[in-house]
Amino acid sequence: MNQAGGRRWHANITSKFLLILLPIVLLATLATVSVFGWLTVEKLRADLTLRGDRLTRFYATALSSPLWNYDLESVERTLRTLTLDPDVGQAVLSNMNGETLAQVGDSDLGAEQILFHATRPVEYKNNGATETIGTLTVRFSNLKIQSVLETEILIEFVLVLVLVGCLSLGSLITFRFIIFRPLTHLLLAIRSSRGLDALTPVTWSARDEIGEVIQAYETMRRTIVREEQARFSAQAAVVRSEKHFRDLIEGSIQGVLIHRDFRPLYVNQAWCDMFGYTGPAEILALESIHSMIATEDRQRLQTLYDQEIARERPLPIFEFKGIRRDGSEVWLQNANRRIEWEGAPAVQAVAIDISEQKLAQEQLLQAQKMEATGQLTGGIAHDFNNLLAIIQGNIELLCEDVGDDNALAQAIQRAARRGAELTQRLLAFSRRQSLHPQAVNLAHLADGLLDLLQRSLGETISIKVMSEDALWTAKADPGQVENTLLNLAINSRDAMPTGGLLTIACRNLHLDTDNAPQHPNMPAGDYAVLSVSDTGNGMPPYVMEHAMEPFFTTKSVGEGSGLGLSMVYGFANQSGGGMTIESALGVGTTVSIYLPRAEAAAVPAAALGTMHREIGRNEHILLIEDDPDVRTMVRVMLERLHYRVISVGDVAEAGRVLSRGSQIDLVLSDVMLPGGVSGAAFAADLAHSHPELKVVLMSGYSAEHINLEIAPLTKMTLLNKPFSLDHLSRSLRLALD
Ligand SMILES: Nc1ncnc2c1ncn2[C@@H]1O[C@H](COP(=O)(O)OP(=O)(O)OP(=O)(O)O)[C@@H](O)[C@H]1O
Ligand SMILES: [Mg+2]
């Protein structure tokens, strides 16, 4: 229906044109014909009137004489000639009295058939006087005029109709050519346009009004297209910049939140992620973001907000503790900025999660504190150890003299032993104890200790040992692992006064970059993990923070020394691993130690040989010890063991003894010596100069700690201070035989 050809007739300009034109043509034709007809009639009438006048005048003259003579036959003849004229319908001659004398023509002629009549008196001149003798009346018929008129009007009608029709048709054709065709072009162009930015141009040029219309359309089209394209590119720019904004803000790794008086107005995904919300909708539904701020930080943040809104001063970057959706804490570093948001001031907060840095910082501080404490304790313990060595050695010698059953001597011996144990634990914490690492299967070791543990823990506590199949062997001192297990189990027992479950779990752990952050200060690699878990009271945060520190205890005086966990900590670290504590109040505690994986398979636990004394065979021993008390004591011990002793206080003196060529079978030297040369370095020199000489080193420190990396020292024996007579005798025999 929209097509030009399919239009309804009244929607078509041509039909409208014809509809309007046809009545006009008809009316015009009728009017023209009427005017022409009327003019023709009037002309004929005028002609006839003139002719009738002439005719009557002529015949009145011609009839004058016959009438005078009253020759009616002649009169009638004359009158008949008159009726030969086709226009004449009737001729009547009457006398002065009005009586008809002669009448010719159509006697039935009706008044409606008479066009008009002409009357003239018939006169006769008699002796110079003119006398009227009758009246001639000629009636003209309209029949002839009518027929003439009908023919003429018909011809005129046809002619006018043809003329006006031709004119109309011509104008219609002209119209079609001048108006319709360009209009059709315009229509097709508009129809084929695919939008305001792609209006089809019209290829038509004419210097008439339609041409001007098309020209105006073209100008308008170009303007619209230009403006549309400009609008499109502006729109595209807006879309692009909005995308940039989205990428920048929504995809930002920093959390962005806009709020007015803590009512959230905008939030990005990173913020949601940091606080454990799935998406912005969840946060925007909150009345206030106060629930996302730790209680202790709320007032501070409110003050900062007020200052920011009042623009009192630009705010520095600050840190605060946030509360995640699940209630856990998250540390944030935050920068605030006052902005205008939807017509009113608001604050834009940009935050990053610094929980990991905070944790690392805390762990570093803790490690530094432990290191410093370790240094301090280690130093004291070492000196203390030397003193104990003197006490222990001398009391042992004394006991041999006065007899083993002397109560006083026994009391001193017991006190010295307890002191030695304590120092041992301190040395363990400061990672300076003497360790004998072996490949150990932690699960087997725990199994072996089960009986002892059950006895120590009592019946209210059940013990479960779990282990990963294919558990890796750990490289550690088995004695210290047992010690650790015992310590942890006793801690758990104390935390479960009404009983509970103690779980000893062994598992493998591969540390790499993914899980390393949870285990700072531990190098990447494979570890065998021993965990002791209980269902006890758990530790409050304060206790957890300090539990590993030496002498930290929550137990009453005499019940705990506070050295258990610190010893475990030191041992695990010295073994190349680490230790972690997880605890929840009212739920329980898990302490895990990580021990490096051993390359070799585990060796079955060797039965500790019973100590017995091996007497010397008068071999010559060069004793190097700077401390005169220790020197004296060791000297006495050696003599009692049937050795010959030359004792000196430093390396220089020892060198002189050797250069004198005195007979020496073995050098027994302290590791730490004054004068810049250590016993270890001196022993290394000896290995070159006197390769046949046996060397035994004495130290309060472990082999690792005194840096025995010098190759020949592998042949040497290390004797840990304090040592008993039996211990000394065995070490010497081991070295000499
Ligand atoms: N399993 C545990 N459950 C709850 N608290 C524990 C646990 N283990 C240790 N603690 C807490 O840590 C503190 C320190 O423990 P640590 O073993 O170092 O010393 P101690 O047990 O007090 O004394 P010691 O072990 O020297 O006899 C304890 O006093 C206790 O408060
Ligand atoms: Mg303890």
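1. The charged end of lysine 358 sits over the ring of tryptophan 331, 4.4 Å from its centre. A charge sits over a ring if NZ of Lys or CZ of Arg is within 6 Å of the ring centre and within 35 degrees of the ring normal. Arginine 231 likewise has its charged end over a ring, that of phenylalanine 232, 5.7 Å from the centre.

2. This is a predicted model, in which local features need pLDDT of at least 70, side-chain atom pairs count only at pLDDT 80 or more, and totals for chains, interfaces and linings use all residues. Residues are numbered from 1 along each chain as its sequence is written, chains are lettered from A and ligands numbered from 1 in the order in which they are written, and side-chain values use heavy atoms, with hydrogens and water left out.

3. How many aromatic pairs does a search of the whole structure find? The search finds nine. Rings of Phe, Tyr and Trp (its six-membered ring) pair if their centres lie within 6.5 Å; planes under 30 degrees apart count as stacked, over 60 as edge-to-face and the rest as tilted.

4. One of the pairs is edge-to-face: phenylalanine 58 and tyrosine 59, at 5.3 Å centre to centre and with 85° between the planes. Phenylalanine 58 counts as exposed, at 55% relative accessibility, whereas tyrosine 59 is buried at 9%. Buried means under 20% relative accessible area, exposed over 50%, and partly exposed in between (1.4 Å probe, protein chains only).

5. Tyrosine 266 and tryptophan 341 form a tilted pair, because their ring centres are 6.1 Å apart and their planes lie at 45°. This pair links distant parts of the chain, 75 residues apart: tyrosine 266 is in strand 6 (residues 263–267) and tryptophan 341 in strand 8 (residues 329–341). Strands (E, at least two residues) and helices (H or I, at least four) are DSSP runs, numbered from the N terminus. Tyrosine 266 is buried, at 14% relative accessible area, and tryptophan 341 is partly exposed, at 22%.

6. Five strands form an open sheet in the order 18-17-19-20-21, with parallel pairing. Strand 18 (644–648) and strand 21 (717–720) are the edge strands, each pairing on one side only. Two strands pair if DSSP finds at least two bridges between them. Strand 20 (residues 694–699) is joined to strand 21 by four bridges, and leucine 697 has leucine 718 in strand 21 as its bridge partner.
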